[in-house]
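Visitor: Please take one part of this model and go through it closely. Keep it brisk, and give the cut-offs as you go.

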Amino acid sequence: MPSTITLPKSLRTYLSEAGLITRFAIRFGKEVFMPPYELREFLRQCYILGYKSLPLVAVTGFIMGLVLTLQTRPTLMEFGAEAWMPSMVGISIVREIGPVITALICAGKIGSSIGAELGSMKVTEQIDAMEVSGTNPFRYLVVTKIMATTIMIPILVILADFIALCGSFLVEYTKGAVSWQLYFSQVFAHLDFGDLMPSTAKSFFFGFAIGLIGCYKGYNSKKGTAGVGRAANSAVVVSSMLLFIIDFVAVLIADIFYEL
Amino acid sequence: MKRDTGDNIKLGFMVTLSLILFVIAIYFIGTKQNLFGQNFYITAIFNNVNGLQSGNNVRFAGINVGTVDKIVIVSDSTVEVHMKMGEGVRSYIKKDAIASIGSDGLVGNMLVNISPGNGEQPAVENQDRIASFSRTDTDDILNALSSTNENIALLTRNLLTITEKINEGEGAITALLNDPGMSENLKSTFSNIEEVTKSALVATNRLGNVAQDIENGKGLLGFLLNDTTVESEMKLVLAKIHESGDNLQTASVNLQQATSALNQGEGTLNALLYDSSMSNDLKQSLANIKVSSALLTENMEAMRENFLFRKYFKEKNKENDRE
Amino acid sequence: MERSNYHTQPTANGNQEVQSSVVYIRDLYKSFGNNHVLRGFNMDLFPGENLVIIGKSGSGKSVLVKCLVGLIEPDSGILKILDQDITQLAQKEMDELRTEIGFLFQGSALYDSMTVRENLEFPLRRHPDKVPGSSETDSLVEDALESVGLLHAIDLMPEELSGGMKRRVALARALMLDPKVIVYDEPTSGLDPITAKEIIHLIMDIQNQRGTASIIITHDMDCARVIANRMIILVDGVNYAEGTYQELYKNPDQKVKAFFK
């Protein structure tokens with residue numbers, strides 16, 4: 001059938017990909033509520049995807065806190081505003097840096113591992129084997145993984161925020177001799193629900209995006225080992241890009257709700 | 001299976017820890033906004049809130065006691081600010097407390113300051129409206145500061161001349177300073193000043209009233225008032241003003257002596273310097289003097305302008321000229 | 001088309017009765033875009049027989065077996081397993097039916113993230129009715145592994161196993177639910193000739209013990225010769241020729257002869 005409009009090939013590829021991902025997400029939305037629930041596998045995935053990412057997230061978070069404070073301190077000192085350090089670092093970590101850095105790290109670690117795992121399972125017919133043995137592979141593999149990332153990323157973000165603040169506190173403590181209590185009361189002095197809630201909410205979407213894209217790419221991976229590699233790679237690329245788009249949209253929406 | 005259990009414990013630990021952190025964060029932010037516990041609301045009306053936003057802090061005696069709940073525009077020139085505070089501070093905020101808008105440091109957030117009233121009023125109730133005091137802009141502050149500076153410069157110049165004179169040991173001042181009975185004198189002087197200023201105030205007030213009446217009652221009333229009885233009363237009043245004016249003069253001389261003596265800081269005077277009630281008296285007196293003398297000059301000017309008194313002043317001037 | 005016209009040969013086990021077929025396929029069509037893979041395939045599988053389907057790469061073997069277990073939905077045709085038309089079944093009924101079908105995948109398809117034991121337990125998890133207790137699960141797993149001679153590997157991960165061992169574990173897994181039909185997709189591919197022979201003998205042993213019906217997809221003639229009671233040669237999506245190994249060996253057709261070189 002000849003198409004009435006001829007779109008550029010890249011645009012066509014993009015649109016069909018977006019359509020397929022949406023369809024995949026809708027399928028997830030349907031299957032997530034359908035029994036049987038794979039609770040045990042879900043917990044296992046939470047452990048593998050969440051707990052196993054904790055060291056990496058903790059280290060990056062800690063370093064982010066250190067670096068942010070070290071970089072900002074001299075500038076604020078010029079204005080004689082070191083007293084603003086805790087609240088400034090606190091707001092920037094809670095609002096933006098914590099969620100985005102954690103999500104990007106996880107997109108790299110979790111997204112690629114999901115993409116590669118599902119990709120290789122697809123290529124070696126393990127997904128078919130699952131279906132044949134009466135287990136719905138979509139529910140067993142995809143739903144559990146997406147649920148796990150959706151739940152675990154916000155948890156990782158909260159921990160990363162806390163660890164980053166600890167890193168920032170360490171700098172303040174050594175350079176400015178700020179006490180623990182003062183530091184954290186300063187951090188909370190300027191934090192609002194308008195900072196905390198949108199960033200927590202968007203972390204859920206970050207987690208969902210990472211799981212969704214990883215699973216989509218792996219589940220639809222092409223035959224052969226090259227297909228697995230490509231699945232892992234594009235899972236990271238697409239989900240990282242999607243994270244920024246979600247972030248942007250989240251900021252716009254949060255503004256509507258919390259500006260007034 | 002066994003491996004699963006261990007994994008789940010670690011996972012549970014991680015999830016619990018993060019939930020605890022999250023709850024702590026919510027708790028701290030919540031207590032800051034008085035989300036938990038009893039709250040009460042009070043309002044205040046301002047002409048201009050200077051960029052105050054809901055969520056800004058409300059301070060009482062320098063302590064953050066609540067937040068701005070919402071800001072409502074009531075009319076083109078009035079804005080109603082709703083403040084939310086914890087029940088715990090309600091008993092300290094009296095009905096005559098005054099709300100003003102200030103900022104936290106030069107570049108900080110805007111906030112509402114609640115200044116305590118006399119403390120004799122009962123505590124505010126929920127939804128009460130308290131008085132407000134619109135914040136002076138920085139321009140006003142700077143203007144006030146510059147005029148104050150000028151005054152200070154003048155004052156110090158005067159003080160310098162006085163102290164120089166004292167140092168040189170001229171006249172009676174030095175003798176006075178070395179007199180141990182000085183403090184007694186000083187005290188009585190102060191009470192004198194107070195009395196004088198009080199009477200001056202009363203007199204000028206009365207005078208003002210009379211002048212007002214005269215001005216208002218032009219025509220027939222003015223004629224009536226031109227009665228001799230009134231005139232004699234008027235004369236009496238004016239004599240009193242004279243008296244008080246003289247008193248004021250002596251008082252200010254005394255005061256100058258007193259201040260220079262205080263500066264010298266010797267003998268019993270030194271003790272006086274640390275007597276806080278005394279210095280309060282001093283302040284009070286100074287303020288009184290300022291007010292009364294200002295009123296005096298004002299009334300004098302008014303009288304000069306009034307046709308009823310024009311004649312009197314002319315005569316007075318002539319008398320002075322003759323002398 | 002009448003079944004009697006099509007095939008009435010007695011089963012290889014000497015059972016002289018004409019039985020209803022376990023798998024019954026008529027006019028099966030499947031195409032992917034312009035690629036017409038199956039073009040009216042017909043097949044019957046009778047209880048207890050070993051049916052070898054042989055064909056070149058791209059002749060539609062894999063698509064056929066995927067249709068058999070419901071992984072691919074055919075475009076048209078009748079596909080009945082144990083008298084149930086799988087194209088008409090709901091997901092739940094399909095899952096029920098799948099317990100009757102064992103499937104040995106080409107690359108073994110063991111779950112990488114699970115131990116051998118967990119791999120074998122996996123088919124049981126959705127069918128608790130088949131295994132009442134956990135101790136019975138254990139014994140079932142151990143029995144299955146013992147029958148393929150790999151009881152010592154029970155707690156190893158698949159990556160620690162050789163290709164032949166993997167294939168045997170996969171075989172054990174396919175037998176876990178005691179299926180009535182077993183589908184072997186290239187059981188000897190990727191294995192050295194000696195290991196391949198071992199696997200073939202293992203398949204035959206199981207066949208003899210359990211009396212299941214088997215469909216073996218292969219392009220390995222040695223395998224076919226040993227195992228087959230009956231063979232179907234699949235060319236371009238249709239059953240081009242069929243018969244016993246001997247019958248086909250003597251078939252003069254060029255395309256059939258090509259397989260026996």
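Predicted model: local features only at pLDDT ≥ 70, side-chain atom pairs only at ≥ 80, totals over all residues.

Guide: Residues are numbered from 1 along each chain as its sequence is written, chains are lettered from A and ligands numbered from 1 in the order in which they are written, and side-chain values use heavy atoms, with hydrogens and water left out.

Now chain A. Helices (H or I, at least four residues) and strands (E, at least two) are DSSP runs, numbered from the N terminus. Chain A has nine helices and zero strands. Its pattern along the sequence reads α-α-α-α-α-α-α-α-α.

Next, burial. Buried means under 20% relative accessible area, exposed over 50%, and partly exposed in between, with a 1.4 Å probe and protein chains only. Of the 260 residues in chain A, 50% are buried. A:C46 counts as buried because its relative accessibility is 3%.

Then contacts, meaning heavy atoms within 4.5 Å. Take those in chain A between residues at least 6 apart in sequence: 84% join residues at least 24 apart.

Last, the surface. Accessible areas come from the Shrake-Rupley method with a 1.4 Å probe; for residues, only the protein chains shown count as cover. Chain A exposes about 12,300 Å². Carbon and sulfur atoms supply 72% of that area.
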